[in-house]
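Student: I have a model open and would like to learn how to read it. Could you walk me through a few features?

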Amino acid sequence: MRKFLAPLIVSTMLAAPAWAKDELAIGITQFPATLNPSIESMLAKTYVLAFAHRPITAYDASWQLTCLLCEKLPTIENGLAKVETLEGGRKGIAATYALRADAKWADGTPVTTDDVVFSWEVGRHPQSGVAAAELFRRITRVEVKDSRTFTLHVDKLTFDYNAINDLHLLPAHIERKRFEGAPSEYRNRTAYDQDSTNPGLYNGPYRITSVVQGSHVVLEPNTYWGGTKPGFKRIVIKAIENTASLEANLLSGGIDMIAGELGLPLEQSLAFEKRHGARFNVITKPSLSYEHLDLNLSSSLLSEPKVRRALLLGLDRETISRQLFEGRQIVAESVVPPLDWVFAADLPKASFDPVRANQLLDDAGWMVGPGGVRVNHRRERLSLELVTTAGNRSRELIAQVMQAQWKKIGVELRIKTEPPRVMFGDTVTRRKFPHMALFAWYSAPESVPRSTLHSSMIPNAGNNWSGQNYPGYASPAMDQLLDSVEVELSKDKRKAIWRDIQALYAADLPALPLFFKSDSFILPKELKGVQPTGHQDPSPYWAENWRWE
Amino acid sequence: MGVTTRLLQSVLVLLLMSFVVYGLMGLMPGDPIDLMIAGDPRLTPDDAVRLKALYGLDQPWMERWLRWLGQFIQGELGYSRLYARPVAEAMAPALGNSALLMLSAMALSLSVAIPLGILASLRPGGPLDRLVNLLAFASVSVPVFWLGLMLIVVFAVGLGMLPAGGVETVGGGGLADRLRHMVLPVAALALAGIGQAARHMRAAMIGEAGADYIRTARAKGCGPARVVLGHQLRNALLPITTIVALEFGGLFSGALITETVFAWPGMGRLIYEAVMGNDFNLALSGLLLATAMTLTGSILADMAYLRLDPRIGRK
């Protein structure tokens, strides 16, 4: 008997960690500067808070808008949203939401419309320090029906009228007194930073119980959470900036998983998978991060559409993705990713075609000159400068491959790298890049690219360099499409407009589309329920479903 | 030169330092709001203008420096923009962590380097000297980030003996736990520092070996140990004192690379993030503290020189 019992006990002890684990340690590469959900905009904060603080609405893993703190999404069809006519005949919308009956702050105080009104007051105050304030500016009035039901009156009717993802609720019973005395000092006095472990600040399945600045954050279950019971007694989020150290911490057991939202770059995680794939699940999720080349259309070398098309056709993006990223980075055809429902799959793809690329350059008057570099009739060389972010290994590799591929069609590429701060603070934002800038835009599902494509968004000294249309793209047709897609409520009609936007983008090529980046999640095999989203609403918005099995 | 004069000079240096740091940060292209805009599609150009005005980033840097100086003179360090708390509160834990790390590393480094330097100097060109030289060159040449990663790979990943990073086990594991977390970063820093200190020690000892007082001591019948440790070492410690004094400021400014590799929340990372994030209050306070400590170290070194060699005072 003893002979059989001993191995059984040993195997049971060895198996114990797999089912008895009640603590999950997550590694991320950044530490949040503030924990206030409305102040500053930082991915680390969004990630950490997602365990403890829920917005009213969010996009889920299938990129559909969903209620997190509300009972039902208001729509015109279900009668909870009503079109309003405003002064001057403009259209607005009144959308009615009901907060979940079981929504409570972790000190037991119910989440109420008082919190909604207070959060709106903070958001619209110009000195409160709230980062994304567009929604708050558009909400003209909050009409309180009862302690759970409220109507938002918005001064513009757009197709995404019911998406209030940026309306993060602040607990009025804690924050009001800190805000009302001195709104301009609120960002320094918020309890989220001065009293971070106060349970009344959190309404998610977990609440923050410890913050060690620059090191880690500890979360424990919110006993007042009304939804699915969280699966862990403790979640520890550790900030480990260096990705090699992050990997070493995972292998040595210092952390259990690496978050995809703020973890290893794709090429590093692919290498990790080859070495340690048997121990971990490596999940790559295509994201809404659009890697592209902004072209400076003011440059005489790039003003001709044939040249821009030739450059795109001269790039073998499929091979770049296959060789550098094992094909896990989706080739982009425009600003819209294939996972978005408005993606126009029927549009022709700009596949690698060096013969056509050479022909287009010949047609544009660029003939092969000395040293194989094309020259025009003014003896100008087709020599382009590409600026990208220093220290981003992936971009540096892509740029080098592009350099080699374009050389074959007679285009010289000079690569220049700059620190992100210089590049985004000066070179790109003030349109100082002579020809090309390689970087990514992070967007939301069905996000209208007004700020990057509308002619009113071209940065210049006159508008104090605001706007993100860095190429200087000015197309009345595109302006009209962007204006109309924003206010089109019919999904069918909107899809048709989106198709036109993508077709026009592919024809005009204000930027050369490269890839939609993939996030890499490195998870222990026993961890179930993590659903990468690929957009700005991170996976821990559904952390109550995470289980160690 | 009197202590009062040295203190007045130090104040002037600090003032100049604050001006230069503020100016360099102010002249850096771009600001954190630009980076924020690039990373968040929800932010509009209006938001950028509003946030820049709110944080004073739209004002000329000279105006901001004068305002900061006025507050600083009144003892007001201000708020950290990055950490949304008073500067002193944001700096305190990092300061403690860095001082602990750097002090331990320096103590370990000197306690190994000084005997090595002495031993190497006893027979210049001998086998031991060559070995110490080899180790010293290796110590100086090996990049500290690589050394740190190798230590992690061997002792944390491979052998599983020590934690790969952090200050302590989450939840607190007591003194022994904190010491375990210190082993690898302290070892990385100490190993990187041993070479330089050993080389200086060796050179100073060899320099002193031919001095008249050494010959006199030997002639008076002093044994080799007494000559080396009692006479030669005392004078050879002057250059080491200089090194220690110069590194005194480093105790409070941290070691950026080591702190990053070992996820050690210290002053190096804090100051770096503050500079890159245009957190003027935090960056200036951190850098001025390091400068002040270096200046203090320099004054202390002068006092130590007087003690080690009273002739310096008479000159």
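**Reading a helix, a loop residue and a chain**

Tutor: Gladly! This is a predicted model. Let's begin with helix H9 of chain A, residues 266-276, whose buried residues are A:Leu266, A:Ser269 and A:Phe272.

Student: How do those buried residues fall when seen down the axis of H9(A)?

Tutor: The idea is to look along the axis and check the arc. Here the buried residues of H9(A) lie within an arc of 115°, so they line one face of the helix. On the face turned away from that buried side sit the exposed residues A:Ala271, A:Lys274 and A:Arg275.

Student: Now a loop residue. Is A:Leu157 buried or exposed, and why?

Tutor: We count C-beta neighbours. A:Leu157 counts as buried because it has 20 of them inside 10 Å, where 20 or more is the cut-off. Its place is the loop between strand S7 (149-154) and helix H5 (172-180) of chain A.

Student: Which residues does A:Leu157 touch?

Tutor: Leaving out residues up to four places away in sequence, A:Leu157 touches A:Val83, A:Lys91, A:Gly92, A:Ile93 and A:Val487.

Student: And what is in chain B?

Tutor: Chain B has 15 helices and two strands. Of its 315 residues, 41% count as buried. Its C-alpha atoms fill a box of roughly 85 × 55 × 35 Å along the principal axes. Among chain B contacts between residues at least 6 apart in sequence, 72% join residues at least 24 apart.

Key. Residues are numbered from 1 along each chain as its sequence is written. Chains are lettered from A and ligands numbered from 1 in the order in which they are written. This is a predicted model: local features need pLDDT of at least 70, side-chain atom pairs count only at pLDDT 80 or more; totals for chains, interfaces and linings use all residues. Helices (H or I, at least four residues) and strands (E, at least two) are DSSP runs, numbered from the N terminus. A residue is buried if 20 or more other C-beta atoms lie within 10 Å of its own, exposed if 12 or fewer, and partly exposed in between; C-beta atoms are placed from the backbone. Two residues are in contact if their C-beta atoms, placed from the backbone, lie within 7 Å. The arc is that of the directions from the helix axis to the C-beta atoms.
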